[in-house]
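Here is a short briefing on one helix and the charged pairs around it. Look at the sequence and the model first.

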Amino acid sequence: MPAKKNTTIAIVDDDRHLRESLQDLLETEGIESRLYESAEEFLSQNGHDGVDCILADVRMTGMSGIEMLRILRAMTKCPPVLIMTSYADDGMRATAMKLGAEAFLAKPIESRRLIESIRTATR
């Protein structure tokens, strides 16, 4: 019987402490993560390759998570994208969902909701 593949997600956020905290949380759930400090770094390294899901902040230095979502959705093979933000409003939520985000999470992110969103997106 083949070994069960672990879920791997990319975390894209310019806040190093948040990236590392999310990584620690996800490790407790058996979810592996790859960390990126910007949308540009993520895209230049083809961060979408080999991950099951992408968790991206909206407001980052440089390219926003919404713009990154637009670029990713234009690709033929893009894993599900979860958007997170401290600046949640109905307009931003509508834009993210219209562009194909699997979930829109307000910071501070409730741990259970994040894990459930990842599990749902990677089924």
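Arginine 119 is partly exposed, at 31% relative accessibility (buried is under 20% relative accessible area, exposed over 50%, partly exposed in between, with a 1.4 Å probe and protein chains only). This is a predicted model: local features need pLDDT of at least 70, side-chain atom pairs count only at pLDDT 80 or more, and totals for chains, interfaces and linings use all residues. Residues are numbered from 1 along each chain as its sequence is written, and side-chain values use heavy atoms, leaving out hydrogens and water.

**Salt bridges**
- The structure holds 6 salt bridges (a side-chain nitrogen of Lys or Arg within 4 Å of a carboxyl oxygen of Asp or Glu).
- Arginine 119 pairs with glutamate 29, with the closest N and O atoms 4.0 Å apart.
- That pair links helix H5 to the loop between H1 and S2, 90 residues apart (helices are DSSP runs of H or I, at least four residues; strands are runs of E, at least two; both are numbered from the N terminus).
- Glutamate 29 is partly exposed, at 28%.

**The network**
- Asp13, Asp57 and Lys107 are linked in a network of salt bridges.
- Aspartate 13 meets lysine 107 at 3.0 Å, N to O.
- Lysine 107 also bridges to aspartate 57, at 3.2 Å between the closest N and O atoms.
- Aspartate 13 is buried at 0%, and aspartate 57 is buried at 4%.
- Lysine 107 is partly exposed, at 21%.

**Helix H1**
- The buried residues of H1 are Arg19, Leu22, Gln23 and Leu26.
- The face turned away from the buried side of H1 carries the exposed residues His17 and Thr28.
- Just after H1, glycine 30 takes a positive phi of about 75 degrees.
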